[in-house]
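Please read the following note with the sequence and the structure at hand. The points are numbered so that each may be checked in turn.

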Amino acid sequence: MAKQPMLKFVNVDRDMPEKRDADLRNQDFDEIYAEFAAAKAEEQASRCSQCGVPYCQSHCPLHNNIPDWLRLTATGRLEEAYQVSQATNTFPEICGRICPQDRLCEGNCVIEQSGHGTVTIGSVEKYITDTAWEKGWVKPVTPAHERTESVGIIGAGPGGLAAADMLRRAGVQVTVYDRYDRAGGLLTYGIPGFKLEKDIVMRRNKQLEDSGVEFVMNCEIGKDVSFAELREKHDAIIVATGVYKSRDLGGPGAGATGIVKAIDYLTASNRAANFGDTVAEFESGELNAEGKKVVVIGGGDTAMDCVRTAIRQGATSVKCLYRRDRANMPGSQRETQNAEEEGVQFEWLTAPKGFKGDAVEAVIVEKMRLGAPDASGRQSPEVIDGSEYDEPADLVIKALGFSPEDLPTLWDQPELEVTRWGTIKAEFTTGRTAMPGVYAIGDIVRGASLVVWAIRDGRDCVEAVLTDLNAKAAVAAE
């Protein structure tokens, strides 16, 4: 008999795990939310209305069986809940921490729409898999039989790692190549520890290693090994590089020292704060906000990571400039609220016009207003004449998003087709490119997007890879 019946949203209020006080969490890079206790997780899961048409599931890029694992959690069947969760999501404990649930599953929860407050799906998802690790339910992959074919994956981010996991489950031999010294991509070096503690990522990397995935780190394609050599070595190649080229900012004084890229700033912080690495640019203060007036330019999740990191590094002030208003910012509203609690000031409807000082001293800022909608339907920001002012700054961080590197040139592969945006031309559902045996997934196809979409692409691509490998094997057998 079920320990806890469902449909309790009428008399059980929505509740999140306890959030550490801002004055305390500002002092470290630990995650800000506590873990649900078993009783609380069961209680919150029991609020699910078990919809006939679960919008939470349909709005999740992975189409996770959310109502099923909520019911299993509510009734104390946690190991089964983990199995259901893991069946559709390679890294549920990571998605539970960093997915923008307010825009995806939770934002489309039926009881949220009825005014009762959404089920805390992300927190329950995190609780399920953290418990699974604690109880020893998460095991290395042991395929039923080993295959002789091998696949090379370029990029050890979430898409590449998801593909590696699925390929090993099918018995395929997998080698992952990455330019960094640790696997995980932006999970490791882009996302701060207060959102995703690094041991969470490292234990997944270890699980994949124990499952037979070979990692070749500090390996730059086109320099340490050629793309042609990889194609010769492997039966298939999956390109999962992500997009790492930072969008730049012009205007007078844009080349001043003290104006840095978000990815450089976050990588230095993650290395120093989370791994204890010695980072020269961090030690020198070039990529360290301590004692500085910091201005971050941008309104996405990367900008939120930067402002909250600067607070923890001991900046004297942290301001975020965004050219639209709060309602139109692309970042998570939950992250914005966390940043405000921690002392970040947001200057809405503002944009940089230029900078002052050879070593930056101020951002020349213009006030904006929202005008007519652009082609996407969003209102276009317009400059208010005569609104210019100086915003003092010792460190300016550009968090304007990312675009693809020129892979055909870097890899000496002019036949690798790209779109006019520089992303690789590939089928979204399969990852197949025009080059035989070459697939592409994640941000290098979509443009900068969410981790959960990269995971989805990695899993979907493996289905196509296996189909093509099986077809090739059948031809060879004939």
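In this note, two residues are in contact when heavy atoms of theirs lie within 4.5 Å. The structure is a predicted model, and the points below should be read with that in mind.

1. A contact across the sequence. Glu 341 belongs to helix 16, which covers residues 333–341. When its neighbours within four places in sequence are left aside, Glu 341 is in contact with Lys 19, Ala 22 and Arg 25. Ala 22 is 319 residues away from Glu 341 along the chain, yet their C-alpha atoms are separated by 6.1 Å. Because its relative accessibility is 34%, Glu 341 counts as partly exposed.

2. A separation in space. Ser 114 sits in the loop between helix 7 (110–113) and helix 8. How far apart in space are Ser 114 and Asp 21, C-alpha to C-alpha? The distance is 30 Å, and the two residues are 93 residues apart in sequence. With a relative accessible area of 46%, Ser 114 is partly exposed.

3. The overall form. The secondary structure of the protein consists of 19 helices and 16 strands. The C-alpha trace spans about 75 × 65 × 45 Å along its principal axes.

4. Of the 478 residues, 55% are buried. Among the contacts with a separation of 6 or more, 70% are between residues 24 or more positions apart.

5. Helix 4. Is helix 4, residues 66–74, mostly covered or mostly uncovered? Helix 4 is mostly covered, as seven of its nine residues are buried. The buried residues are Ile 66, Pro 67, Trp 69, Leu 70, Leu 72, Thr 73 and Ala 74. These buried residues pack against helix 2 (38–45), helix 3 (55–58), helix 5 (78–88) and helix 8.

6. In the loop between helix 3 and helix 4 lies His 63. His 63 is not a glycine, but it has a positive phi of about 50 degrees. Its relative accessibility is 37%, and His 63 therefore counts as partly exposed. Just after helix 4, Gly 76 also has a positive phi, in this case of about 80 degrees.

7. A further positive phi. Asp 412 is placed in the loop between helix 17 (407–410) and strand 16 (438–440). Although Asp 412 is not a glycine, its phi is positive, at about 55 degrees. Asp 412 is exposed because its relative accessible area is 59%, and the threshold for that class is over 50%.

8. Helix 8 against helix 11. Helix 8 (residues 121–135) packs with helix 11 (residues 198–210) at an angle of about 55 degrees, and their axes are 13 Å apart.

9. Helix 13 against helix 15. The axes of helix 13 (residues 262–274) and helix 15 (residues 301–313) are 10 Å apart, and the helices pack at an angle of about 45 degrees. Helix 13 and helix 15 are therefore oblique to each other, and their crossing is left-handed. Helix 13 contributes Ala 262, Tyr 265, Leu 266 and Ser 269, which meet Thr 302, Asp 305, Cys 306, Thr 309, Ala 310 and Gln 313 in helix 15. This contact has five nonpolar, four polar and one charged residues.

Note on methods. Residues are numbered from 1 along each chain as its sequence is written. This is a predicted model: local features need pLDDT of at least 70, side-chain atom pairs count only at pLDDT 80 or more; totals for chains, interfaces and linings use all residues. Side-chain values use heavy atoms; hydrogens and water are left out. Axes are lines fitted to C-alpha atoms, for helices over the stretch in contact, and angles run from 0 to 180 degrees between N-to-C directions. Helices (H or I, at least four residues) and strands (E, at least two) are DSSP runs, numbered from the N terminus. Buried means under 20% relative accessible area, exposed over 50%, partly exposed in between (1.4 Å probe, protein chains only). Angles under 35 degrees count as roughly parallel, over 145 as roughly antiparallel, 65 to 115 as roughly perpendicular and the rest as oblique. A crossing is left-handed if the near helix is turned anticlockwise from the far one by less than a right angle, and right-handed if clockwise. Ala, Val, Leu, Ile, Met, Phe, Trp, Tyr, Cys and Pro count as nonpolar, Asp, Glu, Lys and Arg as charged, and the others, Gly among them, as polar.
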